[in-house]
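Visitor: I would like to learn how to read charged pairs in a model such as this one. Could you take me through them step by step?

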Amino acid sequence: MNARETNTTGTPPEALADLEAVLNHVAAGTPVEPALARRVRERSERLTEELRQRYGELDVAVDLIREIREEE
């Protein structure tokens, strides 16, 4: 059974197929094909922009680092 057969997350099948391909390359220790890397990168950039439009810029890391520094 592969990821495409058990999709209950609402994730598009093409994204799951790319995920499976990347995981196969990682497991085999082989380089990811340029076309696959490009698709993943473009999808990631598109989703990042959608989230930025929906929620705006979030600077939570800065606040967390400041909190940690104040506790020491």
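Guide: Let us begin with one residue, keeping in mind that this is a predicted model: arginine 52 has a relative accessibility of 35%, and therefore counts as partly exposed.

Visitor: Which residue forms a salt bridge with arginine 52, and how far apart are the closest N and O atoms?

Guide: The general idea is that side chains of opposite charge can pair when their charged atoms come close. Here the partner of arginine 52 is glutamate 57, and the closest N and O atoms of this salt bridge are 2.5 Å apart. Glutamate 57 is exposed, its relative accessible area being 56%.

Visitor: How many salt bridges does the structure hold?

Guide: There are five salt bridges, and one of them joins aspartate 18 to arginine 43, with 2.7 Å between the closest N and O atoms. Aspartate 18 belongs to helix H1 (residues 13-28) and arginine 43 to helix H2 (residues 34-55), so this pair ties together parts that lie 25 residues apart in sequence.

Visitor: Are aspartate 18 and arginine 43 buried or exposed?

Guide: Both aspartate 18 and arginine 43 are buried.

Visitor: What separates glutamate 42 and arginine 38 in helix H2?

Guide: Glutamate 42 and arginine 38 are four residues apart in helix H2, which means that about one helical turn separates them. They form a salt bridge whose closest N and O atoms are 3.4 Å apart. Glutamate 42, at 39% relative accessibility, counts as partly exposed, and arginine 38, at 37%, also counts as partly exposed.

Note on methods:
Residues numbered from 1 in each chain as written. Predicted model: local features only at pLDDT ≥ 70, side-chain atom pairs only at ≥ 80, totals over all residues. Heavy atoms only, no water. Salt bridge = Lys/Arg side-chain N within 4 Å of Asp/Glu carboxyl O. Helix = DSSP H or I, 4+ residues; strand = E, 2+ residues; numbered from the N terminus. Buried < 20%, exposed > 50% of the residue type's maximum accessible area, 1.4 Å probe, protein only.
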